[in-house]
Amino acid sequence: MSRTALRICPLCEATCGLTLTIEGTRVTHARGDRDDVFSRGFICPKGASFGAVDSDPDRLRTPLVRRDGELCEATWEEAFDAVAAGVRPVVERHGPNSVGVVLGNPNVHTMAGALYPAVLLAGLGTRSVFTASTVDQMPKHVSSGLLFGDANAIPIPDLDHTDHLLLIGANPLESNGSLCTAADFPGKLKALKARGGTLVVIDPRRTRTAKLADRHVAVRPGTDALLLAAMARVLFDEGLVEPTPHVQGVEELAAELSEFSPEAVAEACDVEADVIRTLARDLAAAPTAAVYGRIGSCTVPHGTLASWLVDVLNILTGNLDRPGGALFPQAATDKTPRPAGPGRGFALGRWYSRVSGHPEAKGELPLSALAEEIDTATEEGEPVRALIAVAANPVLSAPDGDRLDKALDSLDFMVSVDPYLNETSRHADVVLPPPPPSQSPHHDFAFNTLAVRNQVRYTRPAIPLEPGRMAETEILARLILAVTGMDGADPAAVDHMVIDQTLGKAVKEPHSPVHGGDPRELAGRLTGDTGPERRLDLMLRLGPYGDGFGVRPDGLNLEKLLAHPHGIDLGPLQPRLPQPLKTRSGRVELLPGPIADDLPRLRAALAERPEGLVLVGRRHLRSNNSWMHNVPALTGGSNRCTLQIHPEDAERLGVQNAEPVRVKGAGGEVTVTAEVTDEVRRGVVSMPHGWGHDRPGTRLSHASADPGVNVNQLLDGRLLDPLSGNAVLNGVPVEVAPGAAPESPAVTEKLTALT
């Protein structure tokens, strides 16, 4: 007999509400939850495939421990004992920085990934921290930190109310949005046009989003910052600047941008000067407007400057912190709002990577530097000798995966928290598999801070844990205990510690609703069936809409949220400045020192002209990085690993559609099938990210049958945006020639293993 259960979809950033049909312990169908306060029934192919993702037979069900060189099934106790025996000696012998931690993209899609990694890092005390952010979004964090004093204070376009939306390097009809959480992003863009608004897309590809636009500008890849700087210059030249309040540095900025006229950037961008002027004038003339940039403008040599200039345009046109412009969301689990005023500010380079001296950003080192931090000896400290990878597959997601693949084999010890034996976890000495999403609770801690409407939702597990499974929250709690010398202790102690520390600080803060209270008494009033639920209850009570432990009787707590299974709508985004600002001045600092110091590099780019072809990535609606290619329902059709190339470039090079081509970059060479199409501009080729499932020792039966190739193998891991350490994935030169290249080492190794 079937039943239904609610679940928030964890498969992309849209966070749509689902209604699951369950037969026994298996999800047999998923549809959109029409009563969900945020998504209102919207669903995409990923959400519709929830059951197939959930029941993938290749998901690991028990821990694996390496014995005599082979990964073998083990008990949970054996696995955590092995972790303790493998990691603790490395820490004690070589220091905490000899243990690296890699956090992958799926961490922001789970409660466990939100609640426990910070505790893990604090317990280890390591500075060898690498995350997916430095192959994706770190430029936006850095620019926000420098502008607003808080790297997580990211303004979001008010999609439901804006009159003019300019997208640069973004394709939300395929990605469902990123750093902008919006269920039914396509519907919101169509609604914008239906109410008479304007959609402008700047992208070297004619994407599905670009096809919807009123104006599509096919900019040359990598020149986003030049184009945006010229638009800002037009605003100054034509007296169109009406800056947002609480801003300093407007006059200084005008002087710094004086060289970036439309005529000066036109040839580099391959966009006519008159078009650039029109873009700026239309933005300024709109009653309300928002500029939004994403991965295409982040993963370029000037990613931080491009991200900064996105907000500069919003600020100069008065659209920052204005309805219909770009506003700061207020999540229910945000910290208690503090009074407006100067803060500590944001600093870069508090420490540096050991080998190449890359500055940290937001406490992280570039993921591109992980291989050299493992395989290169220097006189400056110890190399990374042990690695903890949590939901991370950097062999595919970082540049030069072949080098990292070899480096991982040289580690003294590695532990991976992952549901699959994939290209990275196959190197681990211990693999700790979390349960499928139907057996896990869900609350979007990170994505609600980026949502286009304030709301709060929570779903408990739709299906009880199977025998032998362990909740992901418990896995990470036990992992923390194992690597910090407390193996075998009660995992609930981790949640108790966090609750005690949080309340201990809260009662000392004058602006807190529990100021002067008794932490123990307050902790005793928390509700929830588990430690993670009690922590959620704590955050809700202390948050901006919370009940303050009874101070605000109508406020939020876990019990109230559980009584609203489809969520609670908290209203549209509202102006919040100056409260979110944490700069030392207490104002928006329009021209921070590190930005000003990087502008000469952008000026030098005015004279740069790429020779030959340049590479850009692309997204697909039925994919999410490297972790969905093992689901048959989400592969095939148009979701293919091909090299898109313009017909004129194909003819010039002798490339035939659907035939193999060799692609060579600074990092290596791959063979891929050509897809001749005019949806990519001349001089540009495009390959999707996350493929390359051809390495031996994995258990990804469907993905390995149609592996595709790893686009990141073409990239030079040394090429980074210097301010953020973000990998440069777009606008990089490549050579393309017809025909198949010799087998890659990974393919040769796999064929040898099979024979």
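Trainee: Where is Arg469 found?
Mentor: This is a predicted model, in which local features need pLDDT of at least 70 and side-chain atom pairs count only at pLDDT 80 or more, while totals for chains, interfaces and linings use all residues. Residues are numbered from 1 along each chain as its sequence is written, and side-chain values use heavy atoms, leaving out hydrogens and water. Helices (H or I, at least four residues) and strands (E, at least two) are DSSP runs numbered from the N terminus. On that basis, Arg469 is in the loop between strand E18 (453-456) and H19.

Trainee: Does Arg469 count as buried or exposed?
Mentor: Buried means under 20% relative accessible area, exposed over 50%, and partly exposed in between (1.4 Å probe, protein chains only). Arg469 has 11% relative accessibility, so the class is buried.

Trainee: Which backbone oxygen does the side chain of Arg469 reach?
Mentor: Contact means heavy atoms within 4.5 Å, and Arg469 touches residues including Trp76, Pro434, Pro435 and Pro436, not counting residues up to four places away in sequence. A polar contact is a pair of N or O atoms within 3.5 Å; within protein, one must be able to donate a hydrogen and the other to accept it, and residues adjacent in sequence count only if both atoms are side-chain atoms. At 3.0 Å, the side chain of Arg469 reaches the backbone oxygen of Leu60.

Trainee: How far from a polar atom of the side chain of Arg354 is the backbone oxygen of Thr376?
Mentor: Arg354 lies in the loop between strand E14 (326-327) and helix H16 (370-375), and is buried, with a relative accessible area of 11%. Its side chain reaches the backbone oxygen of Glu373 at 2.8 Å. For the backbone oxygen of Thr376, the distance is 2.8 Å.

Trainee: Why do H5 and H19 count as roughly parallel?
Mentor: Axes are lines fitted to C-alpha atoms, for helices over the stretch in contact, and angles run from 0 to 180 degrees between N-to-C directions. Angles under 35 degrees count as roughly parallel, over 145 as roughly antiparallel, 65 to 115 as roughly perpendicular and the rest as oblique. H5 (residues 117-124) and H19 (residues 472-483) have axes 9 Å apart. They are roughly parallel because the angle is about 0°.

Trainee: Which residues of H19 make the contact?
Mentor: From H5 come Pro117, Val119, Leu120 and Leu124. From H19 come Leu476, Leu479, Ile480 and Val483.

Trainee: What is the phi of His246?
Mentor: Most residues other than glycine have a negative phi, and most peptide bonds are trans. His246, in the loop between H10 and strand E12 (247-248), is partly exposed at 29% relative accessible area. Its phi is positive, near 65°.

Trainee: What is the omega of the peptide bond from Leu577 to Pro578?
Mentor: Pro578 is in the loop between strand E19 (568-572) and strand E20 (588-589). The bond from Leu577 to Pro578 is cis, with omega near 10°.
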